[in-house]
Protein chains: 2
Amino acid sequence: MGFPRIRGDTVTDAPSTPTLVMIDKVTLAATLPEGAAPFRAVDPASNTINATDLGITRGDGIFEGLGVVDGHIQAFDAHLARLARSARMLDLPDLDLDVIAAAVRHSVELHAPAPFLLSKLVVTRGIEGSGIPTAWVHTTGGFDFDAERANGISVVLLDRGYRHDVAQTSPWLLQGAKTLSYAVNKSVLREAARRGADDVIFLSSDGYLLEGPSASLIVRFGNRVVTPRVDLGILEGTTQVAAFDYFAAEGYETSYELLTPADLAGADGLWLASSGRQIAPISRLDGQEVAIDRDLTDRMAARLLGRTA
Amino acid sequence: MGFPRIRGDTVTDAPSTPTLVMIDKVTLAATLPEGAAPFRAVDPASNTINATDLGITRGDGIFEGLGVVDGHIQAFDAHLARLARSARMLDLPDLDLDVIAAAVRHSVELHAPAPFLLSKLVVTRGIEGSGIPTAWVHTTGGFDFDAERANGISVVLLDRGYRHDVAQTSPWLLQGAKTLSYAVNKSVLREAARRGADDVIFLSSDGYLLEGPSASLIVRFGNRVVTPRVDLGILEGTTQVAAFDYFAAEGYETSYELLTPADLAGADGLWLASSGRQIAPISRLDGQEVAIDRDLTDRMAARLLGRTA
């Protein structure tokens with residue numbers, strides 16, 4: 001089966017059939033032949049990408065991964081806003097977010113009902129020389145994160161190589177854009193596996209905690225919950241924002257700060273948050289055991305999975 | 001027309017028809033049905049890539065660009081060796097270089113004869129979950145670099161964000177591998193254009209000259225010709241090596257060194273070298289005029305284009 005699995009998951013149901021929707025009107029400027037639909041469902045096993053697409057020859061494009069719980073697309077507006085922000089950082093044409101949103105919904109509706117789906121939305125710069133982005137939504141299901149939520153994940157700290165202020169000094173490095181150039185984000189997972197770990201938290205070259213390769217870091221210090229500042233060239237995590245809403249509603253103080261590994265010695269809980277896994281407690285950091293709070297994690301997971309928007 | 005153009009070129013002939021050869025046996029471990037060919041020519045306008053290929057969803061793969069002069073594939077062994085090196089850095093399966101070489105030759109033979117062709121060879125990690133790389137060769141023609149060779153190119157220095165020793169300290173950042181995650185290599189060209197320039201030389205975050213986004217830097221100081229050391233996390237340029245052969249044959253001393261922008265004040269000539277453009281003299285650096293030596297550039301270009309291997 002060629003459908004995506006997220007690291008650490010197990011497939012509980014029979015593998016679900018993914019859906020693939022190609023988006024033909026992805027930019028505001030795009031014009032279609034009269035009567036043509038702006039997007040269309042296609043066989044997900046078919047080949048729909050040309051070998052000269054800049055998305056594949058140069059990793060030149062952007063993406064979002066959207067969680068779908070019982071048919072509700074989570075943080076939909078936040079994902080679309082981040083997609084548009086990434087498009088601007090890459091000087092892509094203005095996107096038609098209404099068409100894109102409709103295509104995501106269509107992809108979800110076509111999928112067999114499941115408790116949790118993940119919709120991957122991709123926009124590339126398109127076939128070289130065409131100036132027309134290529135875009136699609138691919139929706140898959142069959143994930144189960146119960147084990148990692150109960151037992152936690154083992155994480156290592158790895159240098160991302162950039163200073164904490166690189167997004168300000170060198171915006172052409174695209175830090176903070178969610179690009180398709182994720183070879184390093186996959187490479188660090190292989191390095192983590194070599195070290196016996198499941199996932200990674202990136203460090204800036206000058207020693208600040210950043211984010212995971214596909215997740216945000218959340219740290220609890222007593223009644224205070226902290227995540228690294230987004231001006232560090234990291235993504236604003238849609239799930240992290242929702243988790244902060246949970247914490248704020250429960251009376252915690254939440255803030256965006258500069259954090260170093262030394263700060264974690266005083267932490268009362270660490271989590272990675274992402275659209276795919278929602279929330280995963282960290283039970284081991286660079287080989288050292290970290291206490292996990294199953295009750296708090298379960299309450300937060302229930303709240304995150306209960307979102308209807 | 002969707003065929004690739006290289007920055008700075010002009011198309012002199014009628015656009016040539018590209019050729020596309022998909023490689024079905026790209027790894028040593030691959031097995032094919034009895035009688036199946038290890039590669040096959042396909043219509044280059046057809047879609048041959050699945051939307052879940054990790055090459056496009058994660059920029060997770062590697063490539064080489066091979067120059068072809070009058071049917072001779074330049075530095076063929078050096079390109080194949082570098083491809084294999086990139087594959088090891090990305091933990092890809094061992095590649096079947098004999099099949100890959102035959103596929104490149106087939107792609108070149110299928111193309112209408114032209115003075116200069118460029119063959120782009122790509123190997124991705126393949127469809128997610130399959131464990132089987134996707135690979136192809138795309139050969140195009142119609143380039144003409146006479147103008148940039150005669151007049152030179154305008155280049156700006158841009159921070160790459162990494163220290164000069166990052167390939168040693170943090171190998172998971174894949175510096176020195178030729179990956180498909182080239183969104184930054186394209187972004188810096190847009191930044192160069194905003195500054196009125198044609199191309200870029202990357203600087204390490206601690207101030208050393210590195211390479212262009214798709215070319216090597218060559219600097220002449222009198223009778224001495226220098227290029228940045230390859231342990232700086234940069235690619236060993238196949239064309240730079242050929243240019244050094246030319247200089248050595250002409251009695252120049254050649255060396256790999258640490259260079260800073262301040263060192264360029266004493267330089268007698270600067271070039272960018274790559275398989276696509278072969279050799280381009282730099283006539284402007286960060287807005288300051290740089291003297292170009294047309295005779296030397298022409299002699300070097302003749303030598304580079306005269307290579308039969």
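Reader: Where in chain B is the place of Arg58(B)?
Author: This is a predicted model, in which local features need pLDDT of at least 70, side-chain atom pairs count only at pLDDT 80 or more, and totals for chains, interfaces and linings use all residues. Residues are numbered from 1 along each chain as its sequence is written, chains are lettered from A and ligands numbered from 1 in the order in which they are written, and side-chain values use heavy atoms, without hydrogens and water. Helices (H or I, at least four residues) and strands (E, at least two) are DSSP runs, numbered from the N terminus. On that numbering, Arg58(B) sits in the loop between α1 (54-57) and β4 (61-69) of chain B.

Reader: Is Arg58(B) buried or exposed?
Author: Buried means under 20% relative accessible area, exposed over 50%, and partly exposed in between (1.4 Å probe, protein chains only). The relative accessible area of Arg58(B) is 16%, so this residue is buried.

Reader: Which residue of chain B is in contact with Arg58(B), leaving aside neighbours within four places in sequence?
Author: Contact means heavy atoms within 4.5 Å. From chain A, Arg58(B) meets Phe63(A), Lys120(A), Leu180(A), Ser181(A), Tyr182(A), Ala183(A) and Lys186(A). From chain B, the list holds Ser181(B).

Reader: Why is Thr179(B) called buried?
Author: Thr179(B) belongs to the loop between α5 (166-169) and α6 (183-194) of chain B. Beyond four places in sequence, Thr179(B) touches Ala183(A), Gly61(B), Ile62(B), Phe63(B), Leu90(B) and Leu174(B). Thr179(B) is called buried because its relative accessible area is 6%.

Reader: Which residue has its backbone nitrogen 3.0 Å from a polar atom of the side chain of Thr179(B)?
Author: The side chain of Thr179(B) supplies one polar atom of this pair. The backbone nitrogen at 3.0 Å is that of Ser181(B).

Reader: With which side chain does the side chain of Glu211(A) make a polar contact?
Author: Glu211(A) is in the loop between β9 (199-203) and β10 (216-221) of chain A, and its relative accessible area of 8% makes it buried. Beyond four places in sequence, its contacts include Val200(A), Phe202(A), Gly233(A) and Leu235(A). A polar contact is a pair of N or O atoms within 3.5 Å; within protein, one must be able to donate a hydrogen and the other to accept it, and residues adjacent in sequence count only if both atoms are side-chain atoms. At 2.8 Å, the partner of Glu211(A) is Arg160(A).

Reader: Which are the edge strands of the open sheet in chain A?
Author: Six strands are ordered β2-β1-β7-β6-β4-β5 (chain A), with antiparallel pairing. Two strands pair if DSSP finds at least two bridges between them. The strands that pair on one side only are β2 (39-42) and β5 (72-73) of chain A.

Reader: What is the bridge partner of Val68(A) in β5(A)?
Author: Strand β4 (residues 61-69) of chain A is joined to β5(A) by two bridges, and the two run antiparallel. In β5(A), Val68(A) is bridged to Ile73(A).

Reader: At about what angle to β4(A) does helix α2 of chain A run?
Author: Axes are lines fitted to C-alpha atoms, for helices over the stretch in contact, and angles run from 0 to 180 degrees between N-to-C directions. Helix α2 (residues 76-89) lies across β4, β5 and β6 (116-124) of chain A, and its angle to β4(A) is about 175°.

Reader: What is the bridge partner of Leu20(B) in β7(B)?
Author: Chain B also has an open sheet of six strands, in the order β2-β1-β7-β6-β4-β5. Here β2 (39-42) and β5 (72-73) each have a single partner strand, so one side of each has no neighbour in the sheet. Five bridges join β1 (residues 19-23) to β7 (residues 134-141), which run antiparallel. In β7(B), Leu20(B) is partnered by His138(B).

Reader: How far apart are the end C-alpha atoms of helix α3 of chain A?
Author: The expected span of a helix is 1.5 Å times one less than its number of residues. Buried residues of α3(A) include Val99(A), Ile100(A) and Val104(A). With 14 residues (97-110), α3(A) should span 20 Å, and the end-to-end distance agrees at 20 Å.

Reader: How many residues has the largest nonpolar core?
Author: A nonpolar core is a set of buried Ala, Val, Leu, Ile, Met, Phe, Trp, Tyr and Cys residues joined through side-chain atoms within 4.5 Å. In the largest, Ile23(A), Ile23(B) and Leu121(B) have the most contacts inside the core, and its number of residues is 88.
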